[in-house]
Amino acid sequence: MHVEYATDHLERPRRFEYWHDVVCRHCIPADSRLLSQTPFDGRLSVRDLGSTAISTMVAPLHRWSREARHLRTHPDEDLWIGFAESGHGVLEQNGHQTPLADGTLVLYDAARPFQCTLEAGRVYLVRLPRRALLRRFPQAERGIGQALAPHRPGVAPLRTMIQQAATLEVSDERIGAAEQFGRALLDLAAVALEWQGEFLDGAIEHDLHGRLCRFIEAHFEDPSLSLVALARAHHVSPRTVTRAFARHDQTAMGMVWRVRLEASRRALEEGRVASVTEAAFNHGFTDVSHFSRAFRRTFGRAPHTLLRHGPEERH
């Protein structure tokens, strides 16, 4: 099936409402709001390719909002890839705010709320049946709300295949070939997402790094805080914790020691501890000699030189 819609034949006050209804019928039901100050003129072309479909959108600046109530009244489990051949905007979903610019490919989910502000010079919207995509790549949902890294394998040919799919002229004799093209598009989308690999892991680990740092700040006084303890607290492997810190040229235990040392230094300077031993044991250290050596190596002076009250300890 191939259908075309345009608004230029309608009176201007009716154009955006008509176009909103058309887009919701063929894409994802949501609220919309026109942001452009110029008279609205939009076009939508829809092509079904078996289980997949592709829509080509041209429209001035506007905003889409899919809220929880839309999920209840108009449930939709499909995943989508948006390809901004020309245009700009921002997609907000799954905790991400992803800029849309010329050439951007982004994965988004009809089963979750999202907001999208978009000026569509020419934007392709590709419907991918969720179950079929997850059979090909079970971890595809990791990329929801994120742009595909353009340098990774599969992304450039996926762009080309989407552009070709949007212009296919399918006669009755070629319906089977069109469905095969749709399956090949689905296969290529799964391959491109799988090859994102480390890029998607990096985004996940970037969020994990922030959570780990906050956890360390809150629990550094616990002497049992270790790499394994950090991993268990965040339901990941020690290797994943190590990788999250390595992306910032850090180590997990290096961060723990740094936080402990800085906190102990503040305690000494502010007179909140009466001895070096107290400074060590109150801040997660179990060996005063190791603490003193690490303190001197980090700050260039022995911890007892910062004591404000009482006799100096020289451990």
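Residues are numbered from 1 along each chain as its sequence is written, and side-chain values use heavy atoms, with hydrogens and water left out. Because the model is predicted, local features need pLDDT of at least 70 and side-chain atom pairs count only at pLDDT 80 or more, while totals for chains, interfaces and linings use all residues.

Helices (H or I, at least four residues) and strands (E, at least two) are DSSP runs, numbered from the N terminus. Helix H9 covers residues 252-269. The 18 residues of H9 should span 26 Å at 1.5 Å a residue, and the end C-alpha atoms are 26 Å apart, which agrees; the expected span is 1.5 Å times one less than the number of residues. Accessibility is classed as buried (under 20% relative accessible area), exposed (over 50%) or partly exposed (in between), with a 1.4 Å probe and protein chains only. Among the buried residues of H9 are Met255, Val259, Arg260 and Leu268. Glycine 271, which follows H9, has a positive phi near 70°.

The loop between helix H8 (238-246) and H9 holds aspartate 249. Its phi is also positive, near 55°, in a residue other than glycine, and aspartate 249 is exposed at 76% relative accessibility. Histidine 248 lies in the loop between H8 and H9 as well and is partly exposed at 31%.

Aromatic rings of Phe, Tyr and Trp (its six-membered ring) pair if their centres lie within 6.5 Å; planes under 30 degrees apart count as stacked, over 60 as edge-to-face and the rest as tilted. The count by this rule is 11 aromatic pairs. Tryptophan 257 belongs to H9 and phenylalanine 285 to the loop between helix H10 (276-281) and helix H11 (288-299), so the pair ties together parts that are 28 residues apart in sequence. Tryptophan 257 is partly exposed at 31%, whereas phenylalanine 285 is buried at 5%. Ring pairs join Trp257 and Phe285 with Phe291, Phe295 and Phe299 in a cluster.

The charged end of arginine 260 is 6.0 Å from the ring centre of phenylalanine 285, and arginine 265 lies over the face of phenylalanine 299 at 4.6 Å.

Grid points are joined across faces, edges and corners, and a volume is the space filled by probe spheres set on the points. The whole structure contains 1 cavity of 30 Å³ or more. The largest cavity has a volume of about 250 Å³. Of its 20 lining residues, Trp64, Tyr108, Phe114, Cys116 and Leu125 are the closest to the centre. The largest pocket holds about 190 Å³, and its lining includes Met1, Arg47, Leu168 and Glu179.

Technical notes:
Lys NZ or Arg CZ within 6 Å of the ring centre and 35° of its normal. 1 Å grid on protein atoms, 1.4 Å probe; cavity = no way out; pocket = protein on both sides within 12 Å on 5 of 7 lines; lining within 4 Å.
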